[in-house]
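The following note concerns the pairing of charged side chains. It is set out as numbered points for the file.

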Amino acid sequence: MGEQKFGIEYRACQHIAQAIKEVYALGVQMGIVVGGGNIFRGSQAQSFGFDRTPADHIGMLATTINGLVLQQTLASLGVESRIMSALNTDSIIEPYHWGHALHSLQKGIILIFVGGTGNPYFTTDSAAALRASEIQAEIFLKATKVDGIFSEDPKKNSQAKKFDQLTYSEVFAKKLNVMDATAIALCRENQIPICVFNLFEQGAMFKVVCGQKKGSLILGE
């Protein structure tokens, strides 16, 4: 979305793809889950008077658009990626297949997962936690517009406290809106640490992957 109110901005796409390319150059295997909020948000569905199920279907379709845009942007930078969808869009995107996904990762191909979980009532974060568990990811990176987890929205309250490190239980206890409970529970069950960082800070993803202290980390008890 970039600086626009909605839609797809070329400069934002280039920034995200370049950040991915920097990490890819390290030889890191990457699976990426994209959302669709730049095209359609749940809050819109409420104001339109939509039912939840078709509204979620619209959101899942929005992620497929973003996935295709990301794949083509990566291709323009010379980076190979493969899209897999939880939805049946065979003529455009291949269906998600666990074995094929692992094979692609082993070959050094970036995977882009779209269509959420394929079911309504599950967020993009839950889809990402599910895919991270399935591909046995070493870490779950949640790319946001703020540098980590805060007690309140730092864009609304400059005095909001930043947490450098938390346990899964602390996130639940403090009712921090970093991601939905299903996603956190999946990561806890499968012992996948979560790092929340600012994607739009130059070089942030590269630094996180290299172990430099950026953002906020959620670990075991």
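1. For what follows, a residue is called buried under 20% relative accessible area and exposed over 50%, with partly exposed in between. Glutamate 134, at 25% relative accessibility, therefore counts as partly exposed. The model under review is predicted.

2. Across the whole structure, a search returns 6 salt bridges. Three of them are discussed here, among them the pair formed by aspartate 125 and lysine 142.

3. The side chains of aspartate 125 and lysine 142 meet at 3.0 Å, N to O.

4. Within helix α5, arginine 131 and glutamate 134 lie 3 residues apart, about one turn of the helix. Their side chains form a salt bridge of 2.7 Å, N to O. Arginine 131 is buried at 6% relative accessibility, whereas glutamate 134 is partly exposed at 25%.

5. A further salt bridge joins the side chains of glutamate 201 and lysine 214 at 2.4 Å, N to O. Glutamate 201 sits in the loop between β9 (194–198) and α8 (204–209), and lysine 214 in the loop between α8 and β10 (216–219), so the pair ties together parts that are 13 residues apart in sequence. Glutamate 201 has a relative accessibility of 25% and counts as partly exposed.

Note on methods. Residues numbered from 1 in each chain as written. Predicted model: local features only at pLDDT ≥ 70, side-chain atom pairs only at ≥ 80, totals over all residues. Heavy atoms only, no water. Salt bridge = Lys/Arg side-chain N within 4 Å of Asp/Glu carboxyl O. Helix = DSSP H or I, 4+ residues; strand = E, 2+ residues; numbered from the N terminus. Buried < 20%, exposed > 50% of the residue type's maximum accessible area, 1.4 Å probe, protein only.
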